[in-house]
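This briefing walks through selected local features of one protein chain, grouped by topic. Please keep the sequence and the coordinates at hand while reading.

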Amino acid sequence: MLAPEIYSFLKDDYNGERQNWDVSSSSSGATYFANTLGLLRYDGENWSLYKTSNILRAVYCSNDTIYVGGNGLMGYFLEKDLHKGFQPLTKIENDIWKIFRLNELIIFQSFDKIYHVNSDGLVGIERFKHGNTTFTYPIGEKIVYQISYGKLMAITPNGNERVICDTPEIGKFLVKYISQLSTDTFLIGTLENGLFTLSNNKLTPFNTPINDFIKTNKLNKVIRIDKDNYAFATMNGGVIIGDLSGQITYVLNRSNGLSNNRVHAIYKQQDRFLWIATNNGISLIDLKNPVLFFNNQFIELGSFYDIVMLNNKYYAGTNLGLYEITPLKNQSSVFDIELIKGSEGQIWNLDVIDNTLWVGHNNGTYLLEGSQLKQLSKAAGGYTMLQSRFNPDIVYQTSYFGVAVYKKTNKQWQLHYSITDIDELTRDAIELSDGSLIITGAANTLFQIWPDNEKRKYTFKNLSLLPQMRNTTWVRAFDINGQVLITSNDTSFYYAADETTHPCPSAFDKASYISEVIDDHIFIRKNKHLILYNLKTDTIVPLAYNLNNIEDDLIFKYERITQSANGQIMLCLSDRIAYTKLNKLKNAQINSVTPLITRIQCTNDRTGKEGTFRANEAIPYKYNTLQFTFTAFSYGLKSSYEYILEGYNNSWQSRQDNHAIFQNLREGTYTFKVRERDGSLINSLTFTIAPPPFRSKLAYAAYAVLIIILSIVLRYTFNQIHKKKAYSRLQKERKRLNDLRMLSSQQQLGEEVKQLQEEVTSKSDKLANLLIQNNKKKEIIDKINGELKHIRENHRFVDGRQIDRLSKMIKVNFDEKKDWLVFEAAFSEAHTNFFKKLRIKHPNLTDLDLKLCAYLKVNLSSKELAPILKITTRSVDLKKYRLKKKLNLSKEQSLKQYIMDFDD
């Protein structure tokens with residue numbers, strides 16, 4: 001079947017339930033669906049689901065109000081406040097199955113009554129008095145319906161019912177569609193019995209292929225597409241589009257991409273899109289798409305490598321074999337397809353030569369004779385078949401190995417010879433003006449061959465050695481109106497028979513594929529883009545239809561775009577064939593619309609919290625990261641956008657998706673603008689980012705007050721600091737004077753101390769001298785006593801009593817204890833509390849130890865102490881050693897120095 005591309009959406013795409021019961025679109029361009037879970041919204045970019053408490057069966061858009069009805073539901077949504085959810089109009093117990101407008105009233109229809117709502121929201125009710133119905137149809141000022149398997153009735157809100165057809169025949173059918181063809185003629189669609197015309201109370205059936213299809217698959221819904229064509233939705237067979245004469249335009253079912261064959265609703269939007277709500281998903285076709293597709297998802301046809309037309313039939317070569325495709329009688333879009341027996345396997349190339357189909361197969365080369373393939377040679381992998389312009393009885397064929405040359409002899413084609421010096425797979429073959437051939441290899445090899453077909457000889461040259469070919473990794477050759485174009489990954493040029501090269505248009509540069517010339521146009525594939533090029537004007541043809549929608553489906557390195565005898569352009573794709581016509585493709589128009597900004601998100605980058613955008617209100621600074629979501633309602637097409645944020649950047653930015661994000665905007669006023677890429681219709685929105693709290697007017701007022709307070713505080717602080725500094729200087733001056741006085745006092749005291757120390761030293765010296773003198777006197781007296789003793793003992797005539805009296809006199813006047821007491825008194829006067837402190841610190845000292853300490857204090861040496869103590873010098877040193885131990889002095893400490901420093 002031939003039909004526009006079908007875009008299908010399943011529950012995982014729109015996050016709803018499988019069943020969709022009705023479709024409508026609003027004036028904004030968004031499309032709404034009555035889904036089992038609630039109201040679905042789609043804008044060509046994003047899906048949204050607004051859940052309801054029960055199943056929705058009907059939806060109808062009027063301005064910005066989306067009326068909905070379903071199981072016990074009758075109400076509406078407001079398009080600008082969809083997040084507020086369903087708003088009930090009235091409470092009902094039954095189900096609403098259809099909603100439509102009749103003049104100024106919105107009609108909600110259930111099986112047994114209609115509810116009509118006026119512009120003030122007041123609800124009226126009209127019951128069907130003669131029985132229930134399935135669906136009602138607005139015709140003129142009245143509503144027409146069938147009593148189930150009964151007569152046709154007409155009713156007007158707040159009016160009476162009347163019979164418009166009561167023929168017994170109508171009671172045999174369940175009517176599913178009613179429309180008025182003329183004043184007295186109606187089109188009647190029935191569930192199982194097809195289409196009829198009703199005129200003068202008489203039913204007349206249609207006898208057409210469309211009617212046969214409808215009767216087989218059970219009619220459910222019908223809408224009028226244009227003046228002549230209708231879309232018929234069925235219960236079991238999808239949708240068929242055609243006219244009442246029976247000409248089928250399209251058949252849409254699961255075999256060519258419809259989401260499900262049970263169709264609940266169909267709806268035409270913007271005079272081009274056909275929405276199909278099914279029992280398992282939603283489908284969409286673009287009725288004005290200039291490209292149609294042939295495929296059948298229920299039959300494994302494989303990938304398409306070539307297609308040709310011969311004797312009003314199409315022949316398609318795939319990786320599964322050769323198929324014969326025959327249009328049904330009087331139909332242009334429905335075909336019968338059959339695999340040619342014996343053709344199973346990979347087909348690389350098809351060509352019509354001498355009104356005979358040549359087949360390049362994986363197993364060899366074949367000719368189609370009738371419905372049978374006849375092997376011509378075992379040359380396998382034929383990619384190109386080229387009939388010589390100079391000798392039509394010669395055909396060249398590239399293959400897996402070298403080039404095969406065929407010759408027609410006695411009206412029979414046979415293999416003439418093979419060019420085997422090219423020991424690799426060959427691909428492209430083009431004949432130059434001198435009869436030589438340009439042959440490309442599988443990768444980056446390029447040859448020129450001069451065949452001598454009479455002698456079955458040839459010469460060839462390896463053009464891969466050309467300077468231009470040094471860095472090539474792949475190479476292709478194409479015939480552009482008799483000129484040979486060589487393209488590769490890094491160069492492109494024309495090549496002439498005289499072995500010269502010439503520059504080519506930049507559009508051909510690095511092209512991986514160029515189609516045959518089609519009415520002075522060619523298709524060029526390069527850099528993952530497919531373009532149409534006009535050879536007469538040497539320009540790229542601007543197209544409303546984006547060829548990149550199908551570019552990715554072309555088979556890489558085996559692209560094939562060709563034109564049939566009837567002017568049809570056919571593109572071989574990985575799982576289908578695309579059809580178009582040049583004028584249709586060039587003249588196709590897509591109605592551009594102004595992109596709609598569907599959502600504005602204000603976010604705090606640090607916390608991730610989202611704020612609320614309100615028109616005419618400044619956005620708080622903490623929500624200064626903005627994301628805009630937009631759509632151009634380009635249903636089924638790959639939209640791309642451009643946007644600019646005035647106040648932030650100065651140039652338009654390109655975007656493949658429908659989001660634009662601006663992070664951490666500063667305060668200020670901005671204008672966001674968006675358009676379709678290279679479009680002229682622009683939507684704009686101006687908004688303001690409020691300053692942060694610390695830069696607000698209130699903050700600046702607070703700052704002014706704070707500055708005043710700070711200036712007062714600073715002035716006060718400065719004065720206090722000045723006073724403190726003055727006070728500090730005064731204190732320093734006082735301290736200096738006190739220090740001077742203290743220094744003077746200390747100097748005076750020092751002089752006194754020095755004087756006292758000198759007095760002590762003097763007294764100590766005097767004491768030492770006194771001791772020494774007393775000791776000397778004592779020595780003299782001791783000598784006198786010795787002499788007296790000697791006289792007494794040795795002189796008889798001396799009076800002994802006189803000597804004793806003299807000795808006694810000496811002893812009385814020279815008493816050692818008395819001398820010590822005198823010394824001790826003088827010593828204590830010079831060294832107050834010396835003995836007391838020494839006893840306190842060293843309580844183990846004896847009187848003799850203290851006496852020795854006193855002698856040491858007055859700086860007497862061991863030699864001077866020996867006579868005083870009446871011992872030897874060595875004995876004095878021994879006493880001093882013993883005293884040092886009692887004082888617990890270390891070896892390093894000097895006893896004399898310790899005593900001298902003690903109490904000073």
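Predicted model: local features only at pLDDT ≥ 70, side-chain atom pairs only at ≥ 80, totals over all residues.

In the hairpin formed by β5 and β6, where four residues lie between the strands, G44 adopts a positive phi near 90°.

- Strand β5, which covers residues 38-42, pairs with strand β6, which covers residues 47-51, in the antiparallel sense and over five bridges.
- Within this pairing, R41 has S48 of β6 as its bridge partner.

**An open sheet of four strands**
- Four strands make up an open sheet in the order β2-β29-β28-β27, and their pairing is antiparallel.
- The edges are held by β2 (6-9) and β27 (263-269), each of which has a single partner strand, so that one side of each is left without a neighbour in the sheet.
- On average, and with direction ignored, neighbouring strands of this sheet are turned by 20° against each other.

**The helices α8 and α9**
- Helix α8 (residues 834-841) and helix α9 (residues 847-857) have axes that come within 11 Å and cross at roughly 125°, which makes α8 oblique to α9.
- The crossing in which α8 passes α9 is right-handed.
- On the α8 side the contact involves F834, F835, L838 and R839, which meet D847, L850, C853, A854 and K857 of α9; the residues of this contact divide into six nonpolar, no polar and three charged.

**Two buried residues in strands**
- H116 lies in strand β13, residues 113-117, and counts as buried because its relative accessibility is 5%, which is under the 20% cut-off.
- When neighbours within four places in sequence are left aside, H116 is in contact with L105, I106, I107, L122, V123, G124, I125, E126, P157 and N158.
- F478 has its place in strand β47, residues 475-480, and likewise counts as buried, with a relative accessibility of 6%.
- Not counting residues up to four places away in sequence, F478 touches I430, Q483, V484, L485, T487, A511, S512, Y513 and I514.
- Between the C-alpha atoms of F478 and A34, which are 444 residues apart along the chain, the separation is 53 Å.

Technical notes
Residues numbered from 1 in each chain as written. Heavy atoms only, no water. Axes fitted to C-alpha atoms, helices over the stretch in contact; angles between N-to-C directions. Parallel < 35°, antiparallel > 145°, perpendicular 65-115°, else oblique. Left-handed = near helix turned anticlockwise from the far one by under 90°. Contact = heavy atoms within 4.5 Å. Nonpolar A, V, L, I, M, F, W, Y, C, P; charged D, E, K, R; others polar. Buried < 20%, exposed > 50% of the residue type's maximum accessible area, 1.4 Å probe, protein only. Pairing = 2+ DSSP bridges.
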